[in-house]
Amino acid sequence: MKALAICSSPRENGNTEYFTKVVLSKLEKEGIETEFISLIDKKIDECSGCYHCVKNAECKIKDDFQEVFKKMLEADAILLASPVYHGSITSKLKALLDRAGFTGRWIANEMKAKSNSYDWKGSAFSRKLVAPITVARRTGQTFAFSQLMLWATVNDCIVVGSNYWNVGSAGTSGRRDAENDKEGIGIMEHLASNIAYLLNTIKYSEDRAEEVNKVELSNN
Ligand SMILES: Cc1cc2nc3c(=O)[nH]c(=O)nc-3n(C[C@H](O)[C@H](O)[C@H](O)COP(=O)(O)O)c2cc1C
């Protein structure tokens, strides 16, 4: 079971990175493998709306998207972390999610004639856990957080929350002072225990199903 964190702050050692790493370090203590990716050095262009992915199950634009997308496919839980910029997630994370959502959908499904709906065969993200994390100085959290929840819920994922929304607070003038937000740190730690609980429960039920399957095969 693996948790991947995608941090979209353009600032190294910023508050978003801090809160995200609180979650990862607690997950590691709970025995979950983790990986942190920053989008700082990634070139991810916006979706061009070419619909190439619908027929070809791949994104036509060749940049760092492919590397990040592959890691998303391999993860069982994905943390999507963003600072709040003008009440919204960052444009780079939005570009990644637009392309990942569409490509992930058309890997598994076939578009029928325009007048027909298609038979849902799942998406590349089906039943993955998604935990949104947003960080703001003052306001705009709920809109940015909702953007991430909306991405998760249209892509057949399971959203993981905490004892409050998974948000952290930052100081004025771009201060890197996340360690002062004790409540935010507690929210992130509790989020990590929820993710670990769900991953372990899923793993247990998958292992059980495999055992039952083996017994049934040997009995036949
Ligand atoms: C371009 C820009 C827009 C921002 N817009 C908001 C905002 O709408 N609401 C808010 O509370 N803080 C806003 N902030 C403050 C950041 O959310 C805050 O400083 C946060 O800690 C930045 O994350 P980082 O430390 O990971 O870089 C904005 C900052 C920048 C640079």
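Which residues does Asp181 touch, not counting residues up to four places away in sequence? In this predicted model, the contacts of Asp181 are with Phe19, Gly168 and Ser169. Asp181 itself is located in the loop that lies between strand 6 (167-169) and helix 6 (182-219). Although Asp181 is buried, no salt bridge is formed by this residue; the nearest side chain of opposite charge belongs to Lys182, 8.8 Å away.

Phe19, one of the residues touched by Asp181, is among the buried residues of helix 1, which also include Asn15, Thr16, Glu17, Thr20, Val22, Val23, Leu24 and Leu27. Helix 1 (residues 15-29) comprises 15 residues and reaches 21 Å from its first C-alpha to its last, close to the 21 Å expected at 1.5 Å a residue. The cover over its buried residues includes strand 1 (2-7), strand 2 (33-38), strand 3 (77-83), strand 4 (129-136), strand 6 and helix 6. Gly31, which follows helix 1, has a positive phi, near 85 degrees.

Helix 6 contains 38 residues and reaches 56 Å from its first C-alpha to its last, close to the 56 Å expected at 1.5 Å a residue. Its buried residues are Gly184, Ile185, Ile187, Met188, Leu191, Ala192, Ile195, Ala196 and Leu199. Helix 1, strand 3, strand 4 and strand 6 are included in what covers them. Glu211 and Arg208 both lie in helix 6, three residues apart, about one turn of the helix, and their side chains meet in a salt bridge (3.3 Å, N to O). Glu211 is partly exposed at 44% relative accessibility, and Arg208 is partly exposed at 39%.

The ligand is surrounded by 16 residues, of which Arg11, Asn15, Thr16, Arg138 and Thr139 are the closest. A polar side-chain atom of Thr16 is placed 2.6 Å from an oxygen atom of the ligand, while a side-chain N or O atom of Ser9 is 2.8 Å from a ligand oxygen atom. A polar backbone atom of His86 lies 2.9 Å from a nitrogen atom of the ligand.

In total, the structure holds 13 salt bridges. One of these joins the side chains of Lys2 and Glu35 (2.8 Å, N to O). Because Lys2 lies in strand 1 and Glu35 in strand 2, this pair ties together parts that are 33 residues apart in sequence. Another salt bridge is formed by the side chains of Glu58 and Lys62 (3.9 Å, N to O); Glu58 is partly exposed, with a relative accessible area of 37%, whereas Lys62 is exposed at 56%.

Methods
Residues numbered from 1 in each chain as written. Predicted model: local features only at pLDDT ≥ 70, side-chain atom pairs only at ≥ 80, totals over all residues. Heavy atoms only, no water. Helix = DSSP H or I, 4+ residues; strand = E, 2+ residues; numbered from the N terminus. Buried < 20%, exposed > 50% of the residue type's maximum accessible area, 1.4 Å probe, protein only. Lys, Arg positive; Asp, Glu negative; His and termini not counted. Salt bridge = Lys/Arg side-chain N within 4 Å of Asp/Glu carboxyl O. Contact = heavy atoms within 4.5 Å. Expected span 1.5 Å × (residues − 1). Near = heavy atom within 4 Å. Polar contact = N/O pair within 3.5 Å; in protein donor to acceptor, adjacent residues only side chain to side chain.
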